[in-house]
Structure formats: structure tokens, C-alpha cells
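Trainee: I would like a close look at one part of this protein. Please take me through it step by step.

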Amino acid sequence: QVQLVESGGGLVQAGGSLRLSCAASGRTFSSYVMGWFRQAPGKEREFVSAISWSDTSTYYAASVKGRFTISSDNSKNTVYLQMNSLKPEDTAVYYCAASSVGPFSGYKYWGQGTQVTVSY
């Protein structure tokens with residue numbers, strides 16, 4: 001059974017940092033792309049970042065580029081999202097997901113989400 005388990009969310013002041021983790025299990029993800037998405041209250045879920053597990057190519061939404069960094073540790077089957085210079089508008093539930101298609105579509109597996117709240 002495939003499982004994606006996020007952790008690392010919390011409450012932080014604007015300008016602060018958080019690191020999210022996504023532990024993957026249940027299948028081989030070497031050919032997959034791992035992505036981070038977020039959904040704020042009353043808004044649609046949006047793409048944040050993605051990384052190819054095979055060649056570590058990375059992708060970012062314009063709103064987070066330069067502030068967020070995605071990385072992976074193949075030995076731990078874990079993907080990270082380092083979030084720096086956080087802004088109140090980054091407040092959302094953050095989801096980890098896995099796609100066998102590419103960085104922007106085909107996400108088949110999803111985690112349960114972790115709340116990130118950035119205060120003024």
C-alpha cells in the first residue's frame with residue numbers, strides 16, 4: 001500500500017523558516033516525480049514545487065522560487081521542502097504527491113497534508 005506521510009508543518013512568524021518532509025513507502029518511486037502542493041482556505045490547490053527522483057531536476061512555482069528549496073534523499077525515500085522567508089500568504093495545507101507522468105500532471109498518490117501557518 002502506497003503511503004506518503006508529510007510532517008514538519010507548524011506556526012511561524014513572517015520571515016521565518018520551516019522544513020517539510022514527505023516519507024514515501026509502499027512501492028518503488030525511482031521513476032516518479034514528487035511534488036508539493038498547497039491549498040489555502042477558500043482557494044484551489046496549487047502547485048508549489050516538484051523534483052524528479054531519477055535525475056533530481058527541480059521545478060518551482062513563481063511565487064516560491066528563490067525562497068523554497070526542494071530536495072530528496074533516496075536512501076530514506078524522503079522528499080523535503082525547505083521554506084525560507086515565509087510570508088502570511090504561504091499559509092495553507094501542504095500536500096506531498098507522486099506522479100508517474102511529469103512535474104505538472106498525473107499525480108496519483110497524495111499525502112494527508114500538513115498545516116503551515118505564517119503569522120504577521
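Trainee: Which residue in β3 does glutamate 6 stand opposite?

Mentor: Glutamate 6 stands opposite cysteine 22 in β3. Before going on, note that this is a predicted model, where local features need pLDDT of at least 70, side-chain atom pairs count only at pLDDT 80 or more, and totals for chains, interfaces and linings use all residues. Residues are numbered from 1 along each chain as its sequence is written, and side-chain values use heavy atoms, with hydrogens and water left out.

Now the strands around that pair. Strand β1 covers residues 3-7 and strand β3 covers residues 18-25. The two run antiparallel, joined by five bridges. Two strands count as paired if DSSP finds at least two bridges between them. Strands themselves are DSSP runs of E, at least two residues long, and helices are runs of H or I, at least four long, numbered from the N terminus.

β3 has another partner. Six bridges tie β3 to strand β8, residues 78-83. This pair also runs antiparallel. Here serine 21 has tyrosine 80 of β8 as its bridge partner.

Step back to the whole chain. The protein has eleven strands and zero helices. Of the contacts between residues at least 6 apart in sequence, 55% join residues at least 24 apart. Contact means heavy atoms within 4.5 Å.

Next, the overall dimensions. The C-alpha trace spans about 40 × 25 × 25 Å along its principal axes.

Burial comes next. Buried residues make up 45% of the 120 residues. Buried means under 20% relative accessible area, exposed means over 50%, and partly exposed lies in between, using a 1.4 Å probe and protein chains only.

Serine 52 sits in strand β5, residues 46-52. Its relative accessible area is 8%, so serine 52 is buried. Setting aside neighbours within four places in sequence, serine 52 is in contact with Tyr32, Val33 and Ser57. Serine 71 is 19 residues from serine 52 along the chain, and their C-alpha atoms are separated by 9.4 Å.
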